[in-house]
Amino acid sequence: MSLKAISSKDAASLDKDLMEIGGWSLDQLMELAGLSVSQAVYRMHPPTSGKNILVVCGPGNNGGDGLVAARHLAQYGYTPSIYYPKQGKNELYQRLKTQLTNLSVPFVDDLPVAIKSADFLVDAIFGFSFGGPLREPFPTVISQIESSTIPVLSVDAPSSWDVESGPPKQGPGSKFMPEALISLTAPKPCVKYYHGRHFLGGRFLTKSITDKYDLDLPVYPGIDQIVEVGVSGEGRL
């Protein structure tokens, strides 16, 4: 299987096409992304392996994907909690927070304590649009995740990584290699620096979109929203 990575510029353009031409709303895309993330968690870490899932969210759409994933995880029977140090302000994020509050999903303030009690962590801090540098509180947050011993699933890109050039050469995130990565829609170039389990989520693209961006995506099995793919040293999947 050989999958093409998509640049951050093309990923942003693809999202724009989906909304302006394809008829998709941001809410729908975020819902499908978060559903894919939740299925990857279930595949890696079923509830019998430990139900305490810590979802660490950033202020943008990647964080929104994490909020959606947490809602699905709560419905699957997990006990998710959210660390959301710099919260998105728009109405969409507020509604996602309300949905979680209605499910009694807690928002926690002490990350080190939350990590100690978690069985699994979802890194939904930064996605394909991240270009650095890190600003507080995120250098501290990423250092705490990086030094933890629990398994981590990163959403779209390991947080702190440049979408093109991969992990930073030094400082927070330079040694961050999560156990799993879920690429949304298509892999990003930084995947060539990644070593671990790799999932793809994005079972909604039309042929016109895949043709326009020259994507060679796999067939999703059954009713799954994710497919697991391998990564070679050259970043081809």
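A crossing of two helices is left-handed if the near helix is turned anticlockwise from the far one by less than a right angle, and right-handed if clockwise. The views below show a predicted model.

**View 1. Helices α2 and α4 cross in the right-handed sense.**
Helix α2 spans residues 26-44, and helix α4 spans residues 91-102. Their axes lie 11 Å apart. The packing angle is about 45°. That value makes α2 oblique to α4. Two packed helices are described by the angle between their axes and the distance between the axes.

**View 2. Helix α3 packs with α2 and with α4.**
Start with α2 and α3. Their axes come within 7 Å and cross at roughly 55°. The two helices are therefore oblique to each other. Here α2 passes α3 in a right-handed crossing. Now turn to α3 and α4. This pair packs at an angle of about 20°, and the axes are 9 Å apart. Angles under 35 degrees count as roughly parallel, so α3 and α4 are roughly parallel to each other. What is the hand of the crossing as α3 passes α4, left or right? The crossing of α3 and α4 is left-handed.

**View 3. Eight strands form an open sheet.**
Read across the sheet, the order is β3-β2-β1-β4-β5-β6-β7-β8. The pairing is mixed. Which strands are the edge strands? They are β3 (107-108) and β8 (226-229). Each of these two pairs on one side only. Strands of a sheet pair through backbone hydrogen bonds, either parallel or antiparallel.

**View 4. Strand β1 is mostly covered.**
Strand β1 runs over residues 52-57, and five of its six residues are buried. One partner is strand β2 (residues 79-83). The β1 and β2 strands pair in the parallel sense over five bridges. Across this pairing, N52 stands opposite T79 of β2. How does the chain get from β1 to β2? The path goes through helix α3 (residues 61-76). This β-α-β crossover is right-handed.

**View 5. Strands β1 and β4 run parallel.**
Strand β4 covers residues 120-124, and five bridges join β1 to β4. Look for the facing residues. L54 has L121 of β4 as its bridge partner. V56 stands opposite D123 in β4. C57 has A124 of β4 as its bridge partner.

**View 6. Strand β4 is mostly covered, with five of its five residues buried.**
F120, V122 and A124 point one way from β4. L121 and D123 point the other way. Are these residues buried or exposed? All are buried.

**View 7. Strand β4 also runs parallel to strand β5.**
Strand β5 spans residues 152-155, and three bridges join β4 to β5. Within this pairing, L121 has V152 of β5 as its bridge partner. Helix α6 (residues 138-146) belongs here too. Together, β4, α6 and β5 make a right-handed β-α-β unit.

**View 8. Residue A118 lies in the loop between α5 (111-117) and β4.**
A118 has a relative accessible area of 9%. Buried means under 20%, so A118 is buried. A118 and V68 are 50 residues apart in sequence. In space, their C-alpha atoms are 19 Å apart.

**View 9. Residue S8 has its place in helix α1 (residues 8-20).**
Is S8 buried or partly exposed? Its relative accessibility is 22%, so S8 counts as partly exposed. S81 is 73 residues from S8 along the chain. The C-alpha atoms of S8 and S81 are separated by 30 Å.

**View 10. An annotated domain covers residues 11-217.**
The label comes from an unreviewed UniProt entry, which gives "domain: YjeF N-terminal". Over residues 11-217, the chain is 38% helix and 15% strand. How far apart are the end C-alpha atoms of this stretch? They are 14 Å apart.

Methods
Residues numbered from 1 in each chain as written. Predicted model: local features only at pLDDT ≥ 70, side-chain atom pairs only at ≥ 80, totals over all residues. Heavy atoms only, no water. UniProt positions renumbered as here; feature names shortened; annotations may be inferred. Helix = DSSP H or I, 4+ residues; strand = E, 2+ residues; numbered from the N terminus. Buried < 20%, exposed > 50% of the residue type's maximum accessible area, 1.4 Å probe, protein only. Pairing = 2+ DSSP bridges. Right-handed = clockwise from strand over helix to strand, strands pointing away. Axes fitted to C-alpha atoms, helices over the stretch in contact; angles between N-to-C directions. Parallel < 35°, antiparallel > 145°, perpendicular 65-115°, else oblique.
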